[in-house]
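Here is a friendly walk through one protein model, meant to be read with the structure open beside you. Take a look, then follow along section by section.

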Amino acid sequence: MAEFILSAEPGRPIGSRRARRLRAEGRVPAVVYGEGMDAVPVTVHARDLRAALSTEAGLNALLSLRVDSKRYLTMARELQRHPVRGTVIHVDFQVVDPERVISAEVPISLVGETVELHRADGVLDQQLFGLPVRARPADIPAHLEVDVSAVVIGSVIRVSEIALPEGVTTDLDPESIVVAGQPPRVQEEEVAEAEAAEAEAAEAEAAATEGGAREGEAAQAGGGGGGAGGAGGAGGTGGSEEG
């Protein structure tokens, strides 16, 4: 991965008013930090920063930050944006060792035409848009391609099927789904409605069965009481005859 040279000026104004004035001049407050060093406050030109982060590598771009006579190999790790305009109002630059493995998030790009899936009116469901990887800074890919041309309804592509460049690994579960071929939305709704109707019918049948059982028990109880009364009446008649 090529390095992008970015010039920075040391120091930055303190206070929100001075910071707003700085941004109005087209500069962005930033801080450079890394293991074993004190944080260095700097400012960079907003236009240069935008150009540096607009390459194919995005936030994983290697930035050769020049601060006076010093040079830092960095990556933009955290960007704060204006809540309305979306412009960058602050950025953290992390100093990286070119020989040490670091963590990064790499975007996933889908390639290929899902011909069979479209013929069946299926839907391509992308469930994973970025893959966390570990690699040396220069080995971090700009993106990872996933070929979806063979996806059909019911099939999936998992993390284990992504071809990682040499020197790049991931700790994500290899069984995690990247994309899946789903049936048409209308068909899904019809299946859901049918399942709901079956569930309602089963509940109604169960309720009817339970109600019938209760009525039967009540009838048996009433019949037993009448029989006992009849037996008592018969006994009374017999005693009258004997007298």
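Ser109 has Glu145, in strand S10, as its bridge partner. This is a predicted model, so please read each value below as computed from it. The pair belongs to the contact between strand S7 (residues 102-111) and S10, which run parallel and are joined by 4 bridges.

As background, strands of a sheet pair through backbone hydrogen bonds, either parallel or antiparallel.

## Two nonpolar cores

The largest nonpolar core holds 24 residues, and Ile108, Leu131, Ile140, Val146, Ile162 and Val178 have the most contacts inside it. Two or more residues each come from strand S5 (70-81), S7, S9, S10 and strand S12 (177-182). Which element gives the most to this core? That is S7, with 4 residues.

There is also a second, separate core, made of 20 residues, with Ala30, Val32, Val44 and Tyr72 among them.

Setting aside neighbours within four places in sequence, Leu131 is in contact with Ala104, Glu105, Val106, Ile108, Leu144, Val159, Ile162, Leu164, Thr170 and Leu172.

## The largest pocket

The largest pocket has a volume of about 370 Å³. It is lined by 20 residues, of which Val28, Ala46, Thr87, Val88 and Ile89 are the closest to its centre.

Which elements supply at least two residues each to this lining? They are helix H1 (16-24), strand S2 (27-33), helix H2 (46-52), S5 and strand S6 (88-95).

## Gln127, a loop residue

Gln127 lies in the loop between strand S8 (123-126) and S9. Is Gln127 buried, exposed or partly exposed? Its relative accessible area is 40%, and because this falls between the 20% limit for buried and the 50% limit for exposed, Gln127 counts as partly exposed.

The C-alpha atoms of Gln127 and Ile177 are separated by 6.6 Å, although the two are 50 residues apart along the chain. Beyond neighbours within four places in sequence, Gln127 is in contact with Ile177, Val178, Val179, Ala180 and Gln182.

Definitions and conventions. Residues numbered from 1 in each chain as written. Predicted model: local features only at pLDDT ≥ 70, side-chain atom pairs only at ≥ 80, totals over all residues. Heavy atoms only, no water. Pairing = 2+ DSSP bridges. Core = buried A, V, L, I, M, F, W, Y, C linked by side-chain atoms within 4.5 Å. Buried < 20%, exposed > 50% of the residue type's maximum accessible area, 1.4 Å probe, protein only. Contact = heavy atoms within 4.5 Å. 1 Å grid on protein atoms, 1.4 Å probe; cavity = no way out; pocket = protein on both sides within 12 Å on 5 of 7 lines; lining within 4 Å. Points joined across faces, edges and corners; volume = space filled by probe spheres on them.
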